[in-house]
Amino acid sequence: MENDFFKRKTLEVLMDSESIIVLGFEDALLGYSEIGDSIVAAYDQDMFIDILAEDMPFADAVEIFHLNFLTNNLSQKKPIFVRLDKNI
């Protein structure tokens, strides 16, 4: 329940700052970061790709992620993607 509270608060901050939020990927949302004068969504990259892979082969999900999310320069408010080291 506490996690839901923080997720809602994070989404409020992102919406108020007009940041780009990728619908359907809320489970991969880690929080947000400030880059210059912008607040941007921060997503868990591996979880984001896993969500994409629910509807397609994993290799296709990785390719689509790289083409549509990493290399697409939508704006200064585009999300960032973080790779978490699960061994830390």
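**Sheet, helices and loops of the predicted model**

Three strands make up an open sheet with mixed pairing, in the order S1-S2-S3. Strands are DSSP runs of E with at least two residues, helices are DSSP runs of H or I with at least four residues, and both are numbered from the N terminus. Two strands count as paired if DSSP finds at least two bridges between them. Strand S1 (29-35) and strand S3 (80-82) lie at the edges with a single partner strand each, so one side of each has no neighbour in the sheet. From one strand to the next, the twist averages 35°. Axes for such angles are lines fitted to C-alpha atoms, for helices over the stretch in contact, and the angles run from 0 to 180 degrees between N-to-C directions.

The structure is a predicted model, in which local features need pLDDT of at least 70 and side-chain atom pairs count only at pLDDT 80 or more, while totals for chains, interfaces and linings use all residues. Residues are numbered from 1 along each chain as its sequence is written, and side-chain values use heavy atoms, with hydrogens and water left out.

The pairing of S1 with strand S2 (residues 38-44) is antiparallel and covers six bridges. Within this pairing, Val-40 in S2 is the bridge partner of Ser-33. S1 and S2 form a hairpin with two residues between them, and Gly-36 in the turn has a positive phi of about 65°.

Helix H2 (residues 45-52) packs on the sheet and touches S2 and S3; its direction makes about 65° with that of S2. Contact here means heavy atoms within 4.5 Å. The buried residues in H2 are Gln-45, Phe-48, Ile-49, Ile-51 and Leu-52. They span an arc of only 155° around the axis, which places them on the same side of H2. The arc is that of the directions from the helix axis to the C-beta atoms. Among the elements that cover the buried residues of H2 are S2, H3 and S3. A residue is buried under 20% relative accessible area, exposed over 50%, and partly exposed in between (1.4 Å probe, protein chains only).

Phe-58 belongs to helix H3 (residues 58-70). With neighbours within four places in sequence left aside, Phe-58 is in contact with Ile-49, Asp-50 and Ala-53. Between Phe-58 and Leu-84 there are 26 residues of separation in sequence and 19 Å in space, C-alpha to C-alpha.

The loop between helix H1 (2-16) and S1 contains Glu-18. Most residues other than glycine have a negative phi. The phi of Glu-18, a residue other than glycine, is positive, near 60°. Glu-18 is exposed, with a relative accessible area of 64%.

Along the sequence, the protein chain follows the pattern α-β-β-α-α-β. The radius of gyration of the protein chain is 13 Å, close to the 12 Å from the globule rule for 88 residues, so the chain is as compact as a globular protein of that length. This radius is taken over C-alpha atoms, and the globule rule is 2.2 Å times the number of residues to the power 0.38. Of the 88 residues of the protein chain, 30% count as buried. Among contacts between residues at least 6 apart in sequence, 42% join residues at least 24 apart.
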